[in-house]
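Please look at the sequence and the model first.

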Amino acid sequence: ADTSEEQKFSLREVLDSFRACLSENKEIFIEDYIAGWRGLVRFLNSLGSVFSFITKDAVAKIQIMGNHLKSENREHYVTFQSMVKYELENEQVEFHKRGNLYESGCRTILRLHRGLQWLQLFLDRLRTSTEDSKTSVMCSEAYNESLAKYHPWIIRKAAGVAFCALPGRPTFFEVMNVGTPEQVVAMLGEAVPLIAEVYNITEELYAQHNMLDLP
Ligand code: 1PX
């Protein structure tokens, strides 16, 4: 087979990873969750280098989690639930001030988790959009309702500039590589509730342990 074809990103793979990350008893597998994020980063990178300041931070966080998955403590980094238990019991979580536990899994996943809320809001807007809807507007609305509240002015400003570089809806749908616009909308209809479920389970877990504001 043509390798360039095999390498081609499809948003379906991302969806498959987020589906695989949910266990039967509603735990979240770190490895699949991170695989989902790797796919998202690949997608964003394929849209151009304007977005590299965004992917750089996501890549750094993916890397931190990758290190945990390979570390001698990896048996504790199977699910979010096992990670939270392990890090809390071993005082690997900072609650008040950012210190030298910068690589804690809990604070790292919290950042990605906030990004997932943006994704859920954005994909839902894409799903219900019409041909003349602007991706940049959908993207910034989703951002303002989610990640923006955690970001300082300078990052919000840079994000706003990057959003303006997003391709229009027809190109965006093509790059997703899922098929016709109707097929994209159908896939989004599956993706949004799935991502919402992963988001909600994580949110509840973090709320239970008062970890929604980790520095
Ligand atoms: C079909 C749609 C697919 C789109 C894929 C897009 C992938 C989204 C990637 C979003 C990554 C967001 C992670 C943000 C983590 C974060 O908040 N980090 C900040 C705090 O980190 P710290 O360790 O210091 O506590 C950090 O300061 C962030 C820096 C730069 C990123 C800020 C902009 C985020 C914009 C998110 C919207 C992505 C637009 C993609 C357009 C398609």
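Predicted model: local features only at pLDDT ≥ 70, side-chain atom pairs only at ≥ 80, totals over all residues.

Residues are numbered from 1 along each chain as its sequence is written.

Helices (H or I, at least four residues) and strands (E, at least two) are DSSP runs, numbered from the N terminus. A residue is buried if 20 or more other C-beta atoms lie within 10 Å of its own, exposed if 12 or fewer, and partly exposed in between, with C-beta atoms placed from the backbone.

**Helix 4**

Helix 4 takes in residues 52–70, and its 19 residues should span 27 Å at 1.5 Å a residue. The expected span is 1.5 Å times one less than the number of residues. The end C-alpha atoms of helix 4 are 26 Å apart, which agrees.

Lys-61, Ile-62, Ile-64, Met-65 and His-68 are the buried residues of helix 4. Because they cover an arc of only 150 degrees around the axis, they lie on the same side of helix 4; the arc is that of the directions from the helix axis to the C-beta atoms. Facing away from this buried side are the exposed residues Lys-56, Ala-60, Gln-63 and Lys-70.

**Helix 5**

In helix 5, Phe-80, Met-83, Val-84 and Glu-87 are buried. Their arc of only 100 degrees around the axis puts them on the same side of helix 5.

| Helix | Buried residues pack against |
|---|---|
| Helix 4 | helix 3 (30–46) and helix 6 (105–127) |
| Helix 5 | helix 3, helix 6 and helix 10 |

**Around the ligand**

Which residues come nearest to the ligand? Of the 20 residues around it, they are Leu-40, Asp-57, Arg-111, Gly-115 and Ala-159; a residue is near if its C-beta atom, placed from the backbone, lies within 6 Å. Helix 3, helix 4, helix 6, helix 7 (135–144) and helix 8 (153–164) each give two or more residues to this shell.

**Positive phi**

Most residues other than glycine have a negative phi. Glu-91, in the loop between helix 5 (80–89) and helix 6, has a positive phi of about 50 degrees. Glu-91 is exposed, with 9 other C-beta atoms within 10 Å. Asn-210 also has a positive phi of about 50 degrees and is placed in the segment after helix 10 (181–208).

Key: Contact = placed C-beta atoms within 7 Å.
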